[in-house]
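Subject: Structure handover

Hello,

Here is the structure I promised you. Please open it alongside this note and follow along.

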Amino acid sequence: DARVTQTPRHKVTEMGQEVTMRCQPILGHNTVFWYRQTMMQGLELLAYFRNRAPLDDSGMPKDRFSAEMPDATLATLKIQPSEPRDSAVYFCASGKGDSSRGSTDTQYFGPGTRLTVL
Amino acid sequence: AQKITQTQPGMFVQEKEAVTLDCTYDTSDPSYGLFWYKQPSSGEMIFLIYQGSYDQQNATEGRYSLNFQKARKSANLVISASQLGDSAMYFCAMREALGNQFYFGTGTSLTVIP
């Protein structure tokens, strides 16, 4: 049963510290998405990648957030320095991204990383 | 304009009854996909059902069906024979053919009453 995995599942840190969240997409998927979910804002798209190339990261605060895909099996989201307002659940999702099928690709979500910044 | 609109913040349904969760969407792309996800209190996002804009039949997956009305731009989720385990947040989402981005609604909280 292929699944998206995310680590850590929970992270508590102090303001100003660096936070790195990791995601392993489903094998064979070539699109990866990072979302942030809060009670106030709901689900927000932060960034997405296709074939490891960033397609859109306009949802990310550029001064402190960065997203990368060092290889096809690993996506990272980094916050430096972290702030209390970054407290949220961060989801990674992956999909096949088959452009020939256009809009049919389904995103499969990981379990999320619950981040608390004190 | 909102791409996805879910107008019901909260819904209640009696166990074993059917319930409809509303979703309307906005797009000018003739090719798009519509999705429903379930988020239980444990937090994971679970894919439930998909409907393509060119699909002639309404999608069904077990107790889930999607009432697709293209002219009205609505994609309501119908859950038949509700179970206590159906209590969760439900999100409607859309993906347009141009681009990989998914647009999510604000969600509907469903509570199944025993």
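First, a term: two residues are in contact when heavy atoms lie within 4.5 Å. Leaving aside neighbours within four places in sequence, B:Ile46 is in contact with B:Trp36, B:Tyr37, B:Lys38 and B:Pro40. B:Ile46 and B:Trp36 are 10 residues apart in sequence, and their C-alpha atoms are 8.6 Å apart.

Some ground rules. This is a predicted model, where local features need pLDDT of at least 70, side-chain atom pairs count only at pLDDT 80 or more, and totals for chains, interfaces and linings use all residues. Residues are numbered from 1 along each chain as written, chains are lettered from A and ligands numbered from 1 in the order written, and side-chain values use heavy atoms, without hydrogens and water.

Back to B:Ile46. This residue sits in strand E6 of chain B, residues 46-52. Strands (E, at least two residues) and helices (H or I, at least four) are DSSP runs, numbered from the N terminus. B:Ile46 has a relative accessible area of 32%, so it is partly exposed. Buried means under 20%, exposed over 50%, partly exposed in between (1.4 Å probe, protein chains only).

Now chain A. Its secondary structure has zero helices and 11 strands. Of its 118 residues, 46% count as buried. The C-alpha trace spans about 45 × 30 × 30 Å along its principal axes.

Next, the charged pairs. Side chains of opposite charge can pair when their charged atoms come close. A salt bridge here is a side-chain nitrogen of Lys or Arg within 4 Å of a carboxyl oxygen of Asp or Glu. Over all chains, the structure holds seven.

- A:Arg36 pairs with A:Glu44, with the closest N and O atoms 3.2 Å apart. A:Arg36 is buried because its relative accessibility is 11%. A:Glu44, at 23%, is partly exposed.
- B:Lys3 pairs with B:Glu96, at 2.7 Å between the closest N and O atoms. This pair links distant parts of the chain, 93 residues apart: B:Lys3 is in the segment before strand E1, and B:Glu96 is in strand E10. B:Glu96 is buried at 10%.
- B:Arg63 and B:Asp86 meet at 2.8 Å, N to O. B:Arg63 lies in the loop between strands E7 and E8 and B:Asp86 in the loop between E9 and E10, so the pair ties together parts 23 residues apart in sequence. B:Asp86 is buried, at 2%.
- A:Arg64, A:Glu83, A:Arg85 and A:Asp86 are linked in a network of salt bridges.

Best wishes
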